[in-house]
Amino acid sequence: MKITFKELRLKNYKSHRDLTVEFGDTTKISGDNAKGKSSIIESACWLLYGTDAFSSKVDPSPVTYEADETSVSLLFNEGEKDILLTRSLIKGKAEYAINDTPKKATDFNNLVAEYFEKTMFLSLFNPLYFFSLKWNEQRALLLQYVPAPINKDVLSEVSKPEAAALEPLLKKKSLSDIEAEHKKNKTKQEKAYIAAQSATRTLQKQLDEVEHALELDELKESEKELLEKLESFNVKERKATATNEKRRNKEIALEMEREDLERQRADYMKLYEQEVNDKCPTCNQSLDEKIVLVAKENRESDLARKREAFKVQQEKVKALRAELEQIEPVDSAELTNERQELYSYLNELKELIYKAEAYKKIEKRIEEAFDHEQSTHASLKESVFILDAVKSFKAKEAELQGEKVQALFTTLSVRLFENQKNGEIKPTFVIQMDGKDFNKLSLSESIRAGLELREVLSEQAEIIAPCFVDNAESITKYKGPSGQLITSTVVAGKELEVVAE
């Protein structure tokens, strides 16, 4: 886009009651101080933005006379057509017109913004305006037309390990997100690593304090053998109990049979000692011999039967006694003592197993804690490496971007970044000429620096706009700008003069 000023009309603007300025490729404004040179150029800025050429508020009112109306009109060409803009201040009320048609402030400002974006236009129009901005605004204005190096170009300049680490991450996330994520993880893992180391040391101390018993597998095997022995003992004890019980039952049975034998003996002797009575017990008369004989035969028969029963009972007692003699009694007290010894040893063994298991548990926890410590350390190392890689990437990106920007200039040097003591790259914006910062340049050097910078902006933004050089008498040789050149020169004792070439 090319903007060309054609005509500027001032009515009651500061010291100018009625002034028309025709512009050429070069327009020279000259005259003594206080003749209104600067206000001519200032009026164009007031028309567009209500400010002067440095974006400061300005009062357009007449300075040596009174008037109800102040107005400024600018006829310019934007490449395809001419456009006439007018701003008026009538009794303190602002009015606007486009091509002599009254417009609302919003419509007027929208058209101005379309052709004259304020910061860019003032930077092109006034070579010293750019340097009145804050450094971050200067930097942003220049870099908006100079894209940062693509990731692929930057990765090719950093070390291979750093490139290998960053490349897959940059396909998914921005560099700032990667940095933020790993800064957070680094802080988290630093704390976690310290805690993990402390946990490992604490567990190791606990392990050192635990008595190291025999190996758990050996103790378990001993426990198994002892339990098998106890089971065998229990079988033995059950057999002993059964034997003693059996013997006791035999003893009881024998005792009962002996008692029965003695009872039979007593019955036999009672019958044996009892004579057959041959007289009637009632009348005492002699009984019939046949009756007495039958009675004697019955007595003999009973005695014979009792002797036979006694012999059978004797054999039964004898058999039970023989069976009892075959059952050897078992000393249960000895078994009880042996069992107590086995259980005592088992309890001791279980205590050793408990200690061994406790030792094993702490060993396992130490192993887990150490693994956690190692994984935490690995994550920490990874984030530290990624953050270092991000620093390298930023440094190389800054270097490449600086080279791209620097290539735009011929006499100026530009610094976009500065290295911090912690290795971080901090954005900055410093312009120098011949090794001197802009604020230390002379007026002529400042103008030459401003002209070179506005040419870079003009080329990058692809906007050609008029350029105003104030105090042109202070600079004798410089490269003219693209587009129209408007100069203001102080000539002692001379009235205001505008010459368009």
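Predicted model: local features only at pLDDT ≥ 70, side-chain atom pairs only at ≥ 80, totals over all residues.

Author: Start with Glu300. At 41% relative accessibility, Glu300 is partly exposed. Here buried means under 20% relative accessible area, exposed means over 50%, and partly exposed is in between (1.4 Å probe, protein chains only). The areas come from the Shrake-Rupley method with a 1.4 Å probe, and only the protein chains shown count as cover for residues.

Reader: How many salt bridges does the structure hold?

Author: The structure holds 23. One of them joins Arg454 and Glu455, with the closest N and O atoms 2.5 Å apart. Arg454 is buried, with a relative accessible area of 0%. Glu455 is partly exposed, at 24%.

Reader: And inside a helix?

Author: Take Arg265 and Glu262, whose side chains meet at 3.7 Å, N to O. They sit three residues apart in helix 8, so about one helical turn separates them. Helices are DSSP runs of H or I with at least four residues, strands are runs of E with at least two, and both are numbered from the N terminus. Arg265 is partly exposed at 38%, and Glu262 is partly exposed at 44%.

Reader: Which residues are linked in a network of salt bridges?

Author: Glu179, Lys183 and Lys394.

Reader: New topic. Which residues gather in the patch of negative charge?

Author: Glu215, Asp217, Glu218, Glu363, Glu367, Glu368 and Asp371, on the surface. Patch residues have over 30% relative accessible area and no salt bridge; like charges are joined within 9 Å, nonpolar side chains (Val, Leu, Ile, Met, Phe, Trp, Tyr) within 5 Å. Lys and Arg count as positive, Asp and Glu as negative, while His and the chain ends are not counted. Each charge is placed at NZ of Lys, CZ of Arg, CG of Asp or CD of Glu.

Reader: Which helix gives the largest share of the negative patch?

Author: Helix 10, with four residues. Helix 8 (216-273) and helix 10 (332-406) each supply at least two. Asp217 is in helix 8 and is exposed, at 64% relative accessibility.

Reader: Now helix 1. Is helix 1 mostly buried or exposed?

Author: Buried: 12 of its 13 residues are, so helix 1 is largely enclosed by the rest of the structure. Among the buried ones are Trp46, Leu47 and Tyr49. Helix 1 covers residues 37-49 and reaches 19 Å from first C-alpha to last, close to the 18 Å expected at 1.5 Å a residue. The expected span is 1.5 Å times one less than the number of residues.

Reader: Which residue just after helix 1 has a positive phi?

Author: Gly50, at about 80°.

Reader: Which residues other than glycine have a positive phi?

Author: Ala34 is one, near 65°. Ala34 lies in the loop between strand 3 (26-31) and helix 1, exposed at 83%. Lys91 is another, at about 50°.

Terms used
Residues numbered from 1 in each chain as written. Heavy atoms only, no water. Salt bridge = Lys/Arg side-chain N within 4 Å of Asp/Glu carboxyl O.
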